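This report describes selected packing and pairing features of one protein model. The sequence and structure are shown first, and the description follows.

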Amino acid sequence: MDHVHDFMPHGFCISWDIPLLILHVFSDFFIALAYFSIPIGIVYFVRQKDEITFKPVYYLFAGFITMCGITHVMGMVTLWIPVYYIEGVLKAMTALISVATAIYLIPKLPGMVALPDLNELIGLNKRLSEENMHRRAAEDKLEENQTMLAESNKMLSTILDAIPVRVFWKDRHSRFLGGNELFLRDVGLSSVEQLVGKTDFDMPWKDSFAEKYRVDDSSVMESGQAHLQIEEQVKNAEGRTFWVNTNKVPVTDENDQIIGVLGTYEDISGMKQAAQELLEAKEVAELANRAKSEFLANMSHELRTPLNGVIGTMSLLNETGLNHRQSNLVGISKHSAESLLNLLNDILDLSKIESGKLTLQADTVNINDFLTEIAKSMASRAEEKGLELLCPAHFVPSCEAIVDRVRLKQILMNLLGNAIKFTDQGSVVLDMAIISNKSTQQTLRFSVSDTGVGISEAQQQKLFERFSQIDSSTTRSRGGTGLGLAICRQLTELMGGRIGVNSTEGLGSTFWFEITVDAQRTERLSHSDSRLLASLQVIVLADLPCYQRYFEDVLSNWHVQHQLASNVPALTDLLNNYSESGEKAIVIMEMTQYLELDTDALLASHPALVQFILLATQSQLSQIPAQVEQSDCLVLAKPLVQSEVFNALMGYVAEIPTRQVITGETTALSSALSNARVLLVEDNQINVVVAKGLIELYGPMVEVAEHGEVALDMLKKHDYDMVFMDCQMPIMDGYECTRLIREDTSGLFDPDIPIVAMTANAMRGDKEKCLAVGMNDYLAKPVETEGIQQALNKWIGAKENKKMNTLNTESVSDDKSAVVFDATSFGHRLMDDISLQQQVAINFIADIPRQLASLQQAVVNQDAEAIASLAHRIKGAAANMSAERMREIALDLEVSAKQGEVVDADKKARDLAAAFEQLIDVIKQELALS
């Protein structure tokens, strides 16, 4: 301080003017502030910029400025306080920093101030521009993507809101992340923001279905498997619970990690309601269908019962010797009743076919015999209209087919009936051909052709539809319901076949159908000898093309030498040729044409060389003209039957031409039927008269019970051979009566008596019901004479004469001297018809060895039930043969077996076989069998 006396006095500044003082003080303050703030900014800048070069320069500048600031501050301080040495030291430090800065900076200046090359600057500028363009393009692309994303989100949102399905999605913890508008409406929210973060326990269904939904979500996310088509219930914000169809699928991220679940559900309440209504409607329909079936069954019974009386009464009335007018009226009445019955059958068949309840039965059908049956059935209808009926119209080889006989007949009768109905003149022909033959299966084509009105193409299109008619007007000349052809089509299709029609309006029609069946050719003895006919010379006088084709075909197949004449002059010319050769000629012609001939003159010119086979209608057969009776003629009934034509020609080969009428086979009444006793159980008096009359036509004595209780009482008192049982009766019906008859404790003469249902119940299942309660056979009313005859022959012919009351108490004879064969009793049973006795004996001898072999096997197996059954069967057969010795041994064996005693069965079986061998010798001697 001693060396500072030359300095200005300290504090002299205070003597300055106030404005001057303020100017200096404030100026120094802000200069100092700048000295200290600028270095701080430099240091901060350098630390933030790692890429800056020459960082020490910046730090030296910062230090230099800082020191300058300190020196300036010290200069101000020294104006007030004498700190000159400190000020000097600081100045010296400032100088050192300044020199250091200069020393470091001066070598760096060329590099720091050096300018880059112009091309480099241009390239740099270009790169910067390109980078700037890329950046702007990227920014534009980003903006575009953001716009597209916004539009996509908007579209997705619109779609989700528009679809009629609720959509929602959740995170891994089953928290809602979003949902569409329908879903928000169900949960009572107005925006997605209100939904985000909530769970099912925050929804309207929190108290009912929330836990189930949570479990379902967990299952989907843990298994990674979708849950689809889940029917469940949902409760919405309005409190309504409804059925939904829910789908839930897992949601994954880019690493395929499951991060949530996406769900949809659709309101199916309407479908559920519709399904329920459909189910109720189905139940109502089924109830109505059952009611319809019951109604049809009841109506079937109620309608068939009076029809049975009408048709049956007419049949009986015809047997009472009516005059022509009365017989005609009866025929008209019967025809009308049969037409009504056919209509009833059509309606019932249609109902059964539509409900799928019509089933086919497999029958073995001989086609030739079958076509003969069809021809005979339709003969009167064709004759009434003056039409020629040929059935078949060509040669048909003998064959048998497995087919439903009843339904095949129904189709053919319907087609023939229509053909006759719509044909006013000319002919109706039925034909059959085998169009395919594969192993045992053959395709049969049946066709029915007529010369009637024909059918237009437009009408053919709807011909096989229900209730369709060619002429549906109220003024039509031909009736019909329009059901027949529809039923034919459905029956044919049920058989696996097809049906169709070929027709030209005004020129006639051909209806055809094809079915494939199991069939095989058969050879009849007479037809196998058909080459014997080759010695015959036959002339056929036929003016109708159908007969010309028929005889040309059948005679060629039988190797018969033949010629056709279309008129009488042509016949005369042909006979003249035969006269010259001296050969015998057989002329086949119509009886009407024969009656118009001058036969005396014709025969005089051809003595002993001409014989006639005449073709006659059914009405002509009833009264053969004297001219025919006096001539050596054979008369064949129309429609022609192939076997009858053959047999007529064979008669000439055998040199046995006699006057006779060949009208088909007739069946003689056997003594088994004439001695039979039949019980008819029927409550309807009309049916009693009809059925009793039809049964008595074949010989049996008939007794009547008006209901089941009376029948049981009568069966306990008398031994009957057979029972015809009605099903619907008061007090006790046929089902209950049959069940009681079959009981072991019934106390009847014969609990196994044959019982044939004779009922108006004709619906599907009725036959099965009858058989299930123990009936042996079934006839639907109205029954026909053929059905009665078949039932009598089938069950009385095979029935044993007597049966024990109670097997456990019956005494069995061991008398070895029992009659081996009672020829007198056997002959009486078969009406002393030796040929019939021989045939029955041959069948017995052929069948019993099989029965004995089966019995022996049952004895080896110690099968008491089988032994009893076989012994019972052999006993019945032996009784029918009047083989008393065999019957008693079989009876003894049956009793023992039913008691479970089979120890002596082997010995008894051997005794039975020995008795059979003894019987064979006696039968052959008594009946002259070879």
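Helix 31 (residues 884-898) packs against helix 32 (residues 905-927) at an angle of about 165°, and their axes lie 9 Å apart. Axes here are lines fitted to C-alpha atoms, for helices over the stretch in contact, with angles running from 0 to 180 degrees between N-to-C directions. The two helices, helix 31 and helix 32, are therefore roughly antiparallel, a term for angles over 145 degrees. The crossing of helix 31 and helix 32 is left-handed, that is, the near helix is turned anticlockwise from the far one by less than a right angle. From helix 31, R885, M886, I889, A890, D892, L893 and S896 meet A905, K908, D911, L912, A915, F916, Q918 and L919 of helix 32, contact being heavy atoms within 4.5 Å. This contact of helix 31 with helix 32 comprises 9 nonpolar, 2 polar and 4 charged residues.

The model is predicted; local features need pLDDT of at least 70, side-chain atom pairs count only at pLDDT 80 or more, and totals for chains, interfaces and linings use all residues. Residues are numbered from 1 along each chain as its sequence is written, and side-chain values use heavy atoms, with hydrogens and water left out.

Strand 19 (residues 677-681) is mostly covered, with 4 of its 5 residues buried, meaning under 20% relative accessible area with a 1.4 Å probe and protein chains only. Strand 19 pairs with strand 20 and with strand 21, as tabulated below together with the pairing of strand 1 and strand 5. Two strands pair if DSSP finds at least two bridges between them; helices (H or I, at least four residues) and strands (E, at least two) are DSSP runs numbered from the N terminus.

| Strand pair | Sense | Bridges |
|---|---|---|
| Strand 19 and strand 20 (residues 701-705) | parallel | 5 bridges |
| Strand 19 and strand 21 (residues 722-725) | parallel | 4 bridges |
| Strand 1 (residues 166-171) and strand 5 (residues 258-267) | antiparallel | 6 bridges |

Within these pairs, R677 has M701 of strand 20 as its bridge partner, and L679 stands opposite V723 in strand 21.

In strand 5, T264 is the bridge partner of V167.

Note on methods:
Angles under 35 degrees count as roughly parallel, over 145 as roughly antiparallel, 65 to 115 as roughly perpendicular and the rest as oblique. Ala, Val, Leu, Ile, Met, Phe, Trp, Tyr, Cys and Pro count as nonpolar, Asp, Glu, Lys and Arg as charged, and the others, Gly among them, as polar. Buried means under 20% relative accessible area, exposed over 50%, partly exposed in between (1.4 Å probe, protein chains only).
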